[in-house]
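I opened the notebook to record what I looked up in this model, entry by entry, with the cut-offs beside each term.

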Amino acid sequence: AIAGLEGARAVAGIFGLASLVGMFWFVRQLWQSTAVAGLSVALFALQAVHIFISKFATYDIIALAFFSLSLAPLWQACHRQDKARYPALGLAIALFSLAVTSKYIVIAYFPLLALAALWFAPR
């Protein structure tokens, strides 16, 4: 009602950029290298699928953005000790929950993420 299709596409573009930020943050933590993170985000940004869903006004890009933003806090929660991991874990759970509520198929990734978190988490 406010901006029509152009406004919806602009919001989808913003979520597309947010998904790239989430991937950069996650890959930088995973490989400990800004160059690797930049290269992976550049390759991800140039893929036709990401470009298409970033321009297309659907819930797919919202789910991808929240999902990619939830990966880095989950990684931080797995590698911190004691009570320092709980804020990162809470943020990861909140962002993953937003991804699930925007596109229910994201729940299919939960068993994989839970197993990875149990594998990498400190004892």
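Is Lys 103 buried, partly exposed or exposed? I found Lys 103 to be partly exposed, with a relative accessible area of 33%, where buried means under 20% relative accessible area, exposed over 50%, and partly exposed in between (1.4 Å probe, protein chains only).

Before going on, I noted that this is a predicted model, in which local features need pLDDT of at least 70 and side-chain atom pairs count only at pLDDT 80 or more, while totals for chains, interfaces and linings use all residues. I also noted that residues are numbered from 1 along each chain as its sequence is written, and that side-chain values use heavy atoms, with hydrogens and water left out.

Entry on the salt bridge. I searched for salt bridges (a side-chain nitrogen of Lys or Arg within 4 Å of a carboxyl oxygen of Asp or Glu), and the count came to one. It joins Asp 60 to Lys 103, with the closest N and O atoms 2.9 Å apart. Asp 60 lies in helix 4 and Lys 103 in the loop between helix 5 and helix 6 (110–120), so the pair ties together parts 43 residues apart in sequence; helices here are DSSP runs (H or I, at least four residues), numbered from the N terminus. I recorded Asp 60, too, as partly exposed, at a relative accessible area of 29%.

Entry on Arg 85. I located Arg 85 in the loop between helix 4 (60–79) and helix 5 (86–102), and its relative accessibility of 23% makes it partly exposed. Its side chain reaches the backbone oxygen of Asp 82 at 3.3 Å.

Entry on helix 5. I listed Ala 88, Ala 92, Leu 95, Phe 96, Ala 99, Val 100 and Ser 102 as its buried residues.

Entry on the core. I took a nonpolar core as a set of buried Ala, Val, Leu, Ile, Met, Phe, Trp, Tyr and Cys residues joined through side-chain atoms within 4.5 Å. The largest has 24 residues, and Phe 96 is among those with the most contacts inside it. Helix 4 gives the most to this core, with eleven residues. Leaving aside neighbours within four places in sequence, I found Phe 96 in contact (heavy atoms within 4.5 Å) with Phe 67, Ser 70, Val 106, Phe 110 and Leu 113.

Key:
Helix = DSSP H or I, 4+ residues; strand = E, 2+ residues; numbered from the N terminus. Polar contact = N/O pair within 3.5 Å; in protein donor to acceptor, adjacent residues only side chain to side chain.
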